[in-house]
There are 2 protein chains.
Amino acid sequence: MFGFRDIEIIRSVVRHGGFRAAADATGLAQSAISRRIRHLEDRMGITIFERAGRGVRLSATGRRLVDEAEVLIAQRDRILEELTQGVMAGVVRLGVAETMTHTLLPRMLTTLRGRHPMLRFEISVDTSEQMGQALRDDALDVVIMLRDQAPRGIALTPLPPVSMGWFVSPEHFTLPSPAGIDDLAALPIVSFPKTTIPHRQVLEVMTAGRRKPATVHGSASLATMVNLVQQGFGIGTIPHDIVAAWPQTMLQEIDVLPEAKLPPLEFVICHDPERNEEIGREVTRAAVEAGCD
Amino acid sequence: MFGFRDIEIIRSVVRHGGFRAAADATGLAQSAISRRIRHLEDRMGITIFERAGRGVRLSATGRRLVDEAEVLIAQRDRILEELTQGVMAGVVRLGVAETMTHTLLPRMLTTLRGRHPMLRFEISVDTSEQMGQALRDDALDVVIMLRDQAPRGIALTPLPPVSMGWFVSPEHFTLPSPAGIDDLAALPIVSFPKTTIPHRQVLEVMTAGRRKPATVHGSASLATMVNLVQQGFGIGTIPHDIVAAWPQTMLQEIDVLPEAKLPPLEFVICHDPERNEEIGREVTRAAVEAGCD
DNA sequence: CTCGATATCCCTGAAACCGAACATGGGCCC
DNA sequence: GGGCCCATGTTCGGTTTCAGGGATATCGAG
């Protein structure tokens, strides 16, 4: 096994053309260089320098070693530099609710990449519930999720509310305009998964003081929701932004009476301030800016 | 500054979830782990673990450090493995005479890549004279060059001879068929650079026992030679293979009398057996095979 | 033989390590 | 709820290990 020091010394020998000169250059004694390299060769079981009586020269194996190992030194120096100089770098594990992936996320990432080019992102899309847990477990650094499922003890910043609408494929169903709760409840409804807040909100609106509850299906995939509605499986409760961002769909928004209107989704962006203060603030700032315009 | 050992220990702490467990796993005392990490943190001026009274947990900076530094360990292990297990890997500095770049070289490299996927090539194209010097200076590992300019004390293997022809652009010049030395010498001749063997051979053939020497131009670039002939600058002495490999040219071979025929070029592939025995043999083998079919 | 280089030997000093004692926080029993 | 216990990290003194320094032997080329 070899260490960084070994490579530095070998490189010095190569550059200065001998053990003696390398010793002068590094401030070590010549004997130290000789011993170090011999030990290294013994440990690794390879020949690094061929002793030619007078002087040494790098063997083919030795050249391979320096060639390859030099980049390790460069990488180490880069890592140290980034960590020390407070450069924002490394991997940010970002969790995003699917609703935000089409609208806010791309703008936010573009902003961030412009400000911190060394930053890399690892993005996962999941339910707010799962991501809240992951945030607590330090499996995610920053999460964009529904406000009501954000864990405690976490820095949260609200994002602009996402308005919800009722959508229908006009070639499959026809509804009065404006439609009332009874009109909507008569059809199958496609919504978010049943463990989520939006799903519960739909249920509350649709069953308020009624005998026969509406049939509400859940889907964890927005694309699936849109497709189901598109193909006449039922009507859907979908964020306006999402439908707008899906150019190829032919969905029509249903004009509904006030009591059937759905409350907007309230998203927050959150991070653990004890753990990811700096990066969390930066991502939050970018998200807020991306949400404004 | 940090070393491989530091990273291994940090990683062990992370994997086993604490200093004590890491101590058991690594065979160190728990106090040693504690001291090492504290010392490392002091030296680098960063916090790697956040002490939470009971237990420690990786800080954001610490996670960045492990994330980035882990790949260094992996790379070191790979390098060691390659060097120790006799895997053919690393960079082979290959010098090739331009004549061989269109015919033998691609087949040879394909063969080699198939046999030794970890091998990388750094190819330089130069005159045989320069490359011979580079081989002596250990600036090249393997060289394909003209036999007569190969240095001494070097393992050389002959390659199939490369036949030379006289070529002309029929729209610019008309020559009798077969043409004699006088016919050829009446026109400007484009050949290899004037320090090279082929150039001298042309001169010898053209000036044997004559008063007025032929005008022989030299070019270090085959492409330039072909272009010059193509555009009527003169006639050219070019390897048959090269013209055949240049599909877009309209050159015509000149039928010449026996005394004007040029001897074939004799190439060898060579390496220093004291320095690059293994790789030299492998490259040579591939070259011989590529030259046969 | 002499010169210019590496290799070897012995000694020293610093760095790493161990073990034990100490400090701290969480969980549990009464 | 208070006190005890256990698990864990920290600190301290003594010990071991290892890398380096200096002097000298050795080696090959000219």
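Chain B can be laid on chain A with an RMSD of 0.3 Å, by a turn of 179° and a shift of 0.1 Å along the axis. The two copies are thus related as by a two-fold rotation axis. The superposition is by least squares on the C-alpha atoms of residues with pLDDT of at least 70 in both copies. Of the residues of chain B, L72(B) comes closest to this axis, with its C-alpha at 3.0 Å.

The model is predicted: local features need pLDDT of at least 70 and side-chain atom pairs count only at pLDDT 80 or more, while totals for chains, interfaces and linings use all residues. Residues are numbered from 1 along each chain as its sequence is written, chains are lettered from A and ligands numbered from 1 in the order in which they are written, and side-chain values use heavy atoms, with hydrogens and water left out.

The interface between the chains was examined next. In chain B, 37 residues are in contact (heavy atoms within 4.5 Å) with 37 residues of chain A. Of the interface residues of chain B, 100% are also interface residues in chain A, so the copies meet through the same surface. Chain B and chain A bury about 3,500 Å² between them, with 54% of it on carbon and sulfur atoms. Buried area is the accessible area (1.4 Å probe) that two parts lose on being put together, summed over both. On the chain B side, R64(B), E68(B) and L83(B) lose the most area to chain A, together 20% of what that side buries. Six salt bridges are found across the interface. A salt bridge requires a side-chain nitrogen of Lys or Arg within 4 Å of a carboxyl oxygen of Asp or Glu. The side chains of R63(A) and D141(B) form a salt bridge, at 2.6 Å from N to O.

Within chain A, the assignment gives domain 1 (4–84), domain 2 (91–161 + 266–292) and domain 3 (164–260). These bounds come from an automatic or database domain assignment. The centres of domain 2 and domain 3 of chain A, taken over C-alpha atoms, are separated by 27 Å. Eight residues of domain 2 of chain A contact 14 residues of domain 3 of chain A. The two domains bury about 850 Å² between them, of which carbon and sulfur atoms give 67%. E98(A), T99(A) and H102(A) supply 49% of the area that domain 2 of chain A buries against domain 3 of chain A, more than any other three residues. Zero salt bridges are counted between these domains.

Chain A holds an open sheet of five strands in the order β9-β8-β10-β7-β11, with mixed pairing. Strands are DSSP runs (E, at least two residues), numbered from the N terminus. They pair if DSSP finds at least two bridges between them. β9 (216–218) and β11 (252–253) of chain A stand at the edges, each with a single partner strand, so one side of each is left without a neighbour in the sheet. Inside this order, β8 (residues 189–191) and β10 (residues 235–239) of chain A pair in the parallel sense over two bridges. I189(A) has I235(A) as its bridge partner in β10(A).

In chain B, strand β5 (residues 142–146) is mostly covered: five of its five residues are buried, that is, under 20% relative accessible area (1.4 Å probe, protein chains only). Three bridges join β5(B) to β3 (residues 90–96) of chain B, and these strands run parallel. Five bridges join β5(B) to β12 (residues 267–271) of chain B, and this pair runs antiparallel. V143(B) is the bridge partner of G95(B) in β5(B). In β12(B), the bridge partner of V143(B) is C270(B).

Conventions:
Buried < 20%, exposed > 50% of the residue type's maximum accessible area, 1.4 Å probe, protein only. Helix = DSSP H or I, 4+ residues; strand = E, 2+ residues; numbered from the N terminus.
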